[in-house]
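Reader: I am new to this structure and would like to go through it step by step. Could you show it to me?

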Amino acid sequence: MRVTLRQLEVFATVARNGSFTKAADILHLSQPAVSMQIKQLESSIDMPLFEQIGKKIYLTNAGEEMFTYSQQISQLLDEAEIVLEELKGVQSGRLDISVATTASHFTTRLLAAFSKRFEGVSINLDVTNRETIRHQLENNEPDLVIMGQPPEGIEVDAQAFMENPLVMIAPPDHPLANAKNIDLSHFADEHFVVRERGSGTLGAIERFFKEHGVPFHTGIEMSSNEAIKQAVEAGLGLGIASIHTLELELETKRLVMLDVEDFPINRHWFLVQRKGKRLSTVAQAFKDFILSEAEEFIR
Ligand code: PGA
């Protein structure tokens, strides 16, 4: 059987995404180039790998078998890369990490400290939303992930390393700015400026209000914490955000924290990896650094 690693990579990408078009996008290839690789692979095993039913494509039995093997082969190649990296030591390795949007507010500082200590390490940081991180973990892509709550339904190892309190914010001239222990029910008719659907912060806020039996209404949705802070400052509504995004605004008094009953909402930051994933020396060094020093650094 004459099969190339490239053909296996293209095949696995089509199989994972159930689409030639998506695979072409991900691999930066044209769709005919993707089809050609699949055709060549099919002709070398002399069996079809996909079948089309309506608009959808499905793996044939041969395709299922091939998919299992292609995943094993890619895992072995990853492992070979790790072992070879280990021979080079921490100083010259590569670190792939993904962090949830809100975590990016402190991750860059951690990375700066880490790369000062290990100067030869090259770092690839992906800042993205919870849903994308979930897919990345499913596909075993990043070495490590920093997020607000481990994803459900995927086997992961997750360790909490720092508190992540969510606080309610308002402009300094807000009538409640100096009030003490405000009743949560006071906000039952409020329309909050919130993060987009899929944000871990929004999910935690909604759970909190539900647990307290108080209605929570979303007003304007925004996909960045910066935009939320500016909107609250401009008087577009109240907001609830991680304390880690607010350092500057609270210090310069452009925003104030409201003193609300049962606030802050207590959350944690987690360091997450696929269960059983073998970490490279660099990734292990980064993990050790986060678990033992991150909290101190951010404080
Ligand atoms: P975010 O927060 O998704 O709201 O940026 C991180 C998280 O809670 O996972």
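Reader: Thanks. Which space does the ligand take?

Author: This is a predicted model. In it, the ligand takes up the space of the largest cavity.

Reader: And how many cavities of 30 Å³ or more are there in the whole structure?

Author: The search finds one cavity of 30 Å³ or more. The largest cavity holds about 100 Å³ of space.

Reader: What lines the largest cavity?

Author: Its lining consists of 14 residues, and A100, T101, S199, G200 and T201 are the ones nearest its centre. Sorted by class, the lining of the largest cavity has nine polar, three charged and two nonpolar residues.

Reader: Let us turn to the ligand. Which residues surround the ligand?

Author: The ligand has A100, T101, T102, R130, M147 and G148 around it, together with R195, S199, G200, T201, R267 and W269. By class, this shell is made up of six polar, three nonpolar and three charged residues.

Reader: Which N or O atoms lie 2.7 Å from an oxygen atom of the ligand?

Author: An N or O atom in the side chain of S199 lies 2.7 Å from an oxygen atom of the ligand. For the side chain of R195, an N or O atom is 3.0 Å from a ligand oxygen atom. G148 takes part through its backbone, where a polar atom is 2.8 Å from an oxygen atom of the ligand.

Reader: How much of the ligand's accessible area does the protein cover?

Author: On its own the ligand has 280 Å² of accessible area, and the protein covers 100% of that.

Reader: New topic: what domains does the protein chain have?

Author: The assignment gives domain 1 (5-83), domain 2 (89-163 + 268-297) and domain 3 (166-257). Between the C-alpha centres of domain 1 and domain 3 there are 45 Å.

Reader: Where does the largest cavity lie relative to domain 2 and domain 3, and why?

Author: The largest cavity lies between domain 2 and domain 3, because both give residues to its lining.

Methods. Residues numbered from 1 in each chain as written. Predicted model: local features only at pLDDT ≥ 70, side-chain atom pairs only at ≥ 80, totals over all residues. Heavy atoms only, no water. Near = heavy atom within 4 Å. Polar contact = N/O pair within 3.5 Å; in protein donor to acceptor, adjacent residues only side chain to side chain. Areas by Shrake-Rupley, 256 points an atom, 1.4 Å probe, with all protein chains shown as cover. 1 Å grid on protein atoms, 1.4 Å probe; cavity = no way out; pocket = protein on both sides within 12 Å on 5 of 7 lines; lining within 4 Å. Sits in = over half its atoms within 2 Å of the grid points. Nonpolar A, V, L, I, M, F, W, Y, C, P; charged D, E, K, R; others polar. Domains from an automatic or database assignment. Points joined across faces, edges and corners; volume = space filled by probe spheres on them.
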